[in-house]
Amino acid sequence: NMGVLLDNMKDYEGALDYYQQAQSVGEKVLGKTHPDTLSTIMNMAITYDVGLKDFVKAEEMYRQALDGREKSPGKNHDHTKRCARNLAILYFQGAPSKEKLRELIKEHPHLLRDPQGGELFRSFIS
């Protein structure tokens, strides 16, 4: 994927341009909730979060991807859980918010059992 390659080269603006074009085409051809379209949105969220440190835009994109994944394939699917974990990490590290993390954990209790962050999330919100 060209966007991921540009991300890896730290060309975040170039990656976003690519992702935005892919999102536009994906939405028109495949639909807004198609897994490929949602993967593109997730990649954009990661670029905003990790690359550009634009946590407001990252949250918006993570939330959009998570909302779509919850509808299909559903809350218990690995891709949906990964989306929720990325959003939880944003609430823990990038744009700390105990309240938002608590709400997300209510929706996705598996986050407290997550081997990559469960203990950290639990200690952060207590």
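Leu5 counts as partly exposed because its relative accessibility is 45% (buried means under 20% relative accessible area, exposed over 50%, partly exposed in between, with a 1.4 Å probe and protein chains only). The model is predicted: local features need pLDDT of at least 70 and side-chain atom pairs pLDDT 80 or more, whereas totals for chains, interfaces and linings use all residues. Residues are numbered from 1 along each chain as its sequence is written, and side-chain values use heavy atoms, without hydrogens and water.

Leu5 lies in helix 1 (residues 2–8); helices are DSSP runs of H or I with at least four residues, numbered from the N terminus. Together with Met2, Met9 and Tyr18, Leu5 forms a nonpolar surface patch with about 400 Å² of accessible area.

## Helix 5

Helix 5 (residues 78–94) contains 17 residues and spans 23 Å between its first and last C-alpha, close to the expected 24 Å (1.5 Å times one less than the number of residues). Its buried residues include Cys83, Leu87, Leu90 and Tyr91, as well as Arg85 and Asn86. Among the elements covering the buried residues of helix 5 are helix 3 (35–51), helix 4 (55–71), helix 6 (98–107) and helix 7 (118–125).

## Backbone features in loops

Most residues other than glycine have a negative phi, and most peptide bonds are trans. Lys10, in the loop between helix 1 and helix 2 (12–29), has a positive phi near 65 degrees; Lys10 is exposed, at 60% relative accessibility. Lys53, in the loop between helix 3 and helix 4, has a positive phi of about 60 degrees and is exposed, with a relative accessible area of 51%.

The peptide bond joining Ser72 and Pro73 is cis, with omega about 20 degrees. Pro73 belongs to the loop between helix 4 and helix 5.

Methods
Helix = DSSP H or I, 4+ residues; strand = E, 2+ residues; numbered from the N terminus. Contact = heavy atoms within 4.5 Å. Patch = residues over 30% accessible without salt bridge, like charges linked within 9 Å, V, L, I, M, F, W, Y side chains within 5 Å. Areas by Shrake-Rupley, 256 points an atom, 1.4 Å probe, with all protein chains shown as cover. Salt bridge = Lys/Arg side-chain N within 4 Å of Asp/Glu carboxyl O.
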